[in-house]
Amino acid sequence: MTGGKPVHRVNIRPGVSVLSVLRHLNYKPWFALAEFIDNALQSYFESKENLLKIEGNDFKLRINIDIDSTDAGRISVRDNAGGIDKKDFPRAFRPAELPPNRSGLGEFGMGMKSAACWFSPMWSVRTSALGESDEKTVAFDISRIVQDEIEELDVDARPADKTAHFTEIVLSSLYHVPAGRTLGKIKDHLRDIYRVFTQQGLMVLKFNGEELIHQEPDILMAPSYRNENGPAILWRKGVEFNFGNGLRAHGFAAIRKTASTSFAGFSLFRRNRLIQGSGDEGYRPETIFGKPNSFVYQRLFGELHLEGFEVSHTKDGLQWDENEEPFLELLKEELSKPEIPLLQQAREYRVQPRQLDLRRGAEGALSHTSDAIKNYVPPVFLALSTEPPVQTPSDDLSQSSIASRRIIDVELQGKPWRIVIELSDDPAIGDWLEINDQIAKERAQTGNTSRRTIGLRLSLRHPFMERFSGVDPDQIEPLLRVAAALGLAEVAARESGVRYAGTVRRNVNELLRNALWRT
């Protein structure tokens, strides 16, 4: 650096070669930038009393992150916290030097070094500590440090006012240059990670000049799914439970007014700093949320503060050990309690879709289906036009591997019926829907009236099912209901005297197998 002369040196031993390895850490850019914010927050908390004395009770920590994505890229992170004082200099720049106080946000002694080296081979730190009369600058050139095995760096100093307090980190010649959509994701994640501090008014966080302010989504205010005409309920509840060994969770859970496949889910905090569930990466374990297309997955959200847990050294994940399963069991129990059954409400409640959303969904579905009809239906349709009509279904369903089976006894038009529904996972079954329609040999328990038996079988291994439903019950169910409607409609048509009623089902099976499952 220029403009001052070295007044002393800072030792960066032991193992300076580790600095060149840090670029290979499994960081995401927002978690790397979060390391600098953590340091600033910790400096603020440790210097808060003196800062308020000098700046007044309205003082706020201000952190500005600016990213220049042009050319080789440049990042600067500047804060107005207490600065790095002389006694902390050796620890601040020495890899893996644990801080004396590990109860705060800086607990591993690697944050600034690891994040800076992940981003850049050339970076510098300029700081002025509150109460000290000089501004100090340390510059890192990782390639030269490693190649020459440098173990001490010059500290440039220049005079400064004792009331000055700041730290500025500048990273250049970036390995990872954030640009485009990544910049938006960084904003979303940082806004979430530090929302407790910004909501409490302790910190103003700016990214490329834009202040990051978290907005909690609107919460569903609606009647219970069990009583659609009942009073409106705010679907939010406090959550608190202990699960032994000093482990505790507290916070809230709620249902979004507007469903979101990207931004639902839980946010997990430790020491008021979000660890898992920021941005579009909400914590959504399948045990509670189900598959991505489920209503719970799109509606349930909340904040949970965890105590007694350790975190990864990059602070992007909790160290669950064997505790995640009991945590999820207790959380699911809390969310299912009858006074405010969030899980059940999220799963069962249906919101009348907006006309714009319906039109958007209709446009997408119609576009894809039109392409399939145009590209694949003509040859199948030509072949079907030459097939003879089908008079009746088979007397019995062929043998196959059954994934699930239900027998439904019901009275229709004053007569006993038995409807047998089977879901087959046998790849040898070629038809999407099979039906058998017979007068069972068994007699009803009352009287001599023959019991009518209808068998419906849906193939889960059919290409149409594999393409559009997979293994998710929420996707299988609507297709199963359509199949049941088609099968029962065929039987009802035959009861009314319609000849060749099975022809429609035969044609549906052929169209689905040979054309309409394709994209």
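Trainee: In which kind of crossing does helix 2 pass helix 4, left-handed or right-handed?
Mentor: A crossing is left-handed if the near helix is turned anticlockwise from the far one by less than a right angle, and right-handed if clockwise. Here helix 2 passes helix 4 in a left-handed crossing. Helices are DSSP runs of H or I, at least four residues, numbered from the N terminus. This is a predicted model, where local features need pLDDT of at least 70, side-chain atom pairs count only at pLDDT 80 or more, and totals for chains, interfaces and linings use all residues. Residues are numbered from 1 along each chain as its sequence is written, and side-chain values use heavy atoms, with hydrogens and water left out.
Trainee: Which residues of helix 2 meet helix 4?
Mentor: Contact means heavy atoms within 4.5 Å. On helix 2, Pro29, Ala32, Leu33, Glu35, Phe36 and Asn39 do the meeting.
Trainee: Where is the kink in helix 2 centred?
Mentor: The bend at a residue is the angle between axes fitted to the seven residues ending there and the seven starting there. In helix 2, a kink of about 70 degrees is centred on serine 47. Just after helix 2, glycine 56 has a positive phi of about 95 degrees.
Trainee: What is the mean pLDDT of the chain?
Mentor: pLDDT is the predictor's confidence in each residue, from 0 to 100. The chain's mean is 85, but residues 1–7 stay under 50.

Methods
Helices (H or I, at least four residues) and strands (E, at least two) are DSSP runs, numbered from the N terminus.
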